[in-house]
Structure formats: C-alpha cells, structure tokens
Amino acid sequence: MRASARELIAVVDDDPGILKSLSSLLRSAGFRVATFGSAEAFLASAERDEARCLILDLEMAGMGGLALLAQLGKPLTIPTVVLTARQNEELRTRALDAGAHAFLLKPPVAAVLFDTIAEAVARTAP
C-alpha cells in the first residue's frame, strides 16, 4: 500500500459510471472514497475538509471543474487531480494555473493515477 492509502479521496464527476468505476478502483488500492455528482455537492459536504486529494472532472452540469477550482481559491488547500475526457492544451493550462496538481485523461491508467495521488498528497503534507 502506498503511504497515502487509507486517506480520503474525493471524486467529483457528473457521470455516475465514472464515479462508480473510480470509487471501485481507488477502494481496491485501500483508499477511502467519497463521491459527488456535482461541484456544488462537494462544496456543501463535510468531507470537503477531510479529503486529502480531490479528483475532479472539468466539464459538468452546473458548476464546472474550473469554477470549482476558483471557488476553492489559490493556493489550493486540497491537492487536485483533474481527470477529463478532452485532451485540450488550453484547458490543461487553465487547470494547472488554477492550482491543480495534475491533468490526466480518462480513462486513467491505474498505476499513473495512484502515483499522481501519492505525489500530490506528499507535496502538501504538513
């Protein structure tokens, strides 16, 4: 198990299938997972303050991922991994400029996702 296993990972995506598959994948690696079908649901949750990493889709109904990053403020207090289906350099740049730790394409390679989460959490560890 990686050092960040057992940490709470928050996943925000408006696609129920993505939420289910990412939740299963992360749990299989020993992470605790909280899933949210919208940015608004994440912002209103108690898990927001407990999460050690946020996995975030950019394009969602309602508040999108970039708007959520702006709402969370800079510097981000929660390491964020953007996970999107669109390979777009402008979106990548905007997400990273907003404070995201990484920008990965869907579907993520499990080992790359786990390593990215561990790196993101380690960089923000007290």
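Predicted model: local features only at pLDDT ≥ 70, side-chain atom pairs only at ≥ 80, totals over all residues.
Figure 1. How many of the five residues of strand 4 are buried? Five of the five are buried, so strand 4 is largely enclosed by the rest of the structure. In a regular strand, side chains alternate between the two faces of the sheet. In strand 4, T80, V82 and T84 point one way, while V81 and L83 point the other way. Residues on both sides are buried.

**Figure 2. Strand 3 beside strand 4.** Strand 3 (residues 53-56) and strand 4 run parallel and are joined by three bridges. One of the residues to look for here is L54, whose bridge partner in strand 4 is T80. To get from strand 3 to strand 4, the chain passes through helix 4, and this β-α-β crossover is right-handed.

**Figure 3. Strand 4 beside strand 5.** Strand 4 (residues 80-84) pairs with strand 5 (residues 102-105) in the parallel sense, over four bridges. Which residue of strand 5 stands opposite L83? The residue opposite L83 is L104. V82 can be located in the same way: F103 in strand 5 stands opposite V82.

**Figure 4. The packing of helix 1 against helix 6.** Two packed helices are described by the angle between their axes and the distance between the axes. Helix 1 (residues 16-28) packs against helix 6 (residues 110-124) at an angle of about 70 degrees, and the axes are 11 Å apart. Because of this angle, helix 1 is roughly perpendicular to helix 6; angles of 65 to 115 degrees are placed in that class. Helix 1 contributes L22, L25 and L26 to the contact, and helix 6 contributes A110, L113, F114 and I117. What kinds of residue make up the contact of helix 1 with helix 6? Seven are nonpolar, with no polar and no charged residues.

**Figure 5. S23 in helix 1.** S23 is found in helix 1. Is S23 buried or exposed? S23 has a relative accessible area of 7% and is buried, because the cut-off for buried is under 20%. Leaving aside residues up to four places away in sequence, S23 touches V33 and T35.

Figure 6. G30 sits in the loop between helix 1 and strand 2. Its relative accessibility is 22%, so G30 counts as partly exposed. A second residue, I18, gives a sense of the distances here: G30 and I18 are 12 residues apart in sequence, and their C-alpha atoms are 18 Å apart in space.

**Figure 7. Two cis peptide bonds.** Where are the two prolines of this view? P75 is in the loop between helix 4 (65-72) and strand 4. A cis peptide bond joins K74 and P75, with omega at about 0 degrees. P107 is in the loop between strand 5 and helix 6. The peptide bond between K106 and P107 is also cis, and its omega is about -10 degrees. P107 has a relative accessibility of 71% and therefore counts as exposed. P107 and T84 are 23 residues apart along the chain, and their C-alpha atoms are separated by 8.3 Å. T84 is one of the buried residues of strand 4.

Methods:
Residues numbered from 1 in each chain as written. Heavy atoms only, no water. Pairing = 2+ DSSP bridges. Axes fitted to C-alpha atoms, helices over the stretch in contact; angles between N-to-C directions. Parallel < 35°, antiparallel > 145°, perpendicular 65-115°, else oblique. Contact = heavy atoms within 4.5 Å. Nonpolar A, V, L, I, M, F, W, Y, C, P; charged D, E, K, R; others polar. Buried < 20%, exposed > 50% of the residue type's maximum accessible area, 1.4 Å probe, protein only. Right-handed = clockwise from strand over helix to strand, strands pointing away.
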